[in-house]
Amino acid sequence: MAGVMETEEQARHRFQLELEFVQCLANPNYLNFLAQRGYLREKPFVNYLKYLLYWKEPEYAKFLKYPHCLHMLELLQYEHFRKELVNAQCAKFIDEQQILHWQHYSRKRTRLQQALAEQQQQQQPQVPSHGNTTSK
C-alpha cells in the first residue's frame, strides 16, 4: 500500500509540532509528568522519541531555542533514565543542575566576552593625535 504524501502545509505543521515538543523535553518537570502518566513506558512513545533524534542534525538543530533538549532526548533513549523520571526528586535534581549549568555558563560567557573586548581594544592600532587644528 502506497503511503499518502503530505502537503507542504502539513509538513510545515508537523515540523512546528515536533520542534515544540522536542524543546519541551528540556523541562525536567514535563519529563516527570510524562513518566508519571506512563508515556515513557509505552513502546510507540519510546519509538517516537527515537525518531525525534533527527533534531540532532545541524540543519534541524539550528531551529532550537533550547539546545539542552537534545541532551535530554539522548538520555530518554535509555530505559533506566525513563524509569527514574517517575521520581519527582529526580526531576528536581535535573532542574537544579540545569540552573547551575546556566548560571555558570552565563558568568563564564560574560567573562569571555569582556576578555575578548579588552583584547580587541589592545590590538587596535593607536592613531597618533597631532594636535594641529586648522582655523579659517
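Here is a short tour of the aromatic rings and the nonpolar core in this predicted model.

**Stop 1: the ring cluster.** Select Phe 15, Phe 21, Tyr 30, Phe 33, Tyr 39, Phe 45, Tyr 48, Tyr 51, Tyr 54, Trp 55, Tyr 60 and Phe 63, and you'll have a cluster linked by ring pairs. The structure holds 12 aromatic pairs.

**Stop 2: a tilted pair.** Now zoom in on Tyr 39 and Phe 45. Their ring centres sit 5.9 Å apart and their planes meet at 45 degrees, so this pair is tilted. Are these two buried or exposed? Phe 45 is buried, at 14% relative accessibility, while Tyr 39 is partly exposed, at 35%.

**Stop 3: a stacked pair.** Next, pick Tyr 48 and Tyr 51. This aromatic pair is stacked, with 5.9 Å from centre to centre and 25 degrees between the planes. Where do they sit? Both belong to helix H3 (residues 43-51), and they are three residues apart, so about one helical turn separates them. Tyr 48 is partly exposed, with a relative accessible area of 28%, and Tyr 51 is partly exposed too, at 37%.

**Stop 4: the core.** Time to head inside. The largest nonpolar core has 23 residues, and Leu 25, Leu 40, Leu 49, Trp 55, Leu 76 and Leu 85 touch the most other members. Colour helices H1 (8-24), H2 (28-36), H3 and H5 (68-75): each supplies at least two residues of this core. Which helix gives the most? That's H5, with four residues.

**Stop 5: Trp 55.** Finish on Trp 55, a member of both the ring cluster and the core. Beyond its neighbours within four places in sequence, Trp 55 is in contact with Phe 15, Glu 18, Leu 19, Val 22, Tyr 60, Ala 61, Phe 63, Leu 64 and Leu 70.

Technical notes. Residues numbered from 1 in each chain as written. Predicted model: local features only at pLDDT ≥ 70, side-chain atom pairs only at ≥ 80, totals over all residues. Heavy atoms only, no water. Phe/Tyr/Trp six-rings, centres within 6.5 Å; stacked < 30°, edge-to-face > 60°. Buried < 20%, exposed > 50% of the residue type's maximum accessible area, 1.4 Å probe, protein only. Core = buried A, V, L, I, M, F, W, Y, C linked by side-chain atoms within 4.5 Å. Contact = heavy atoms within 4.5 Å.
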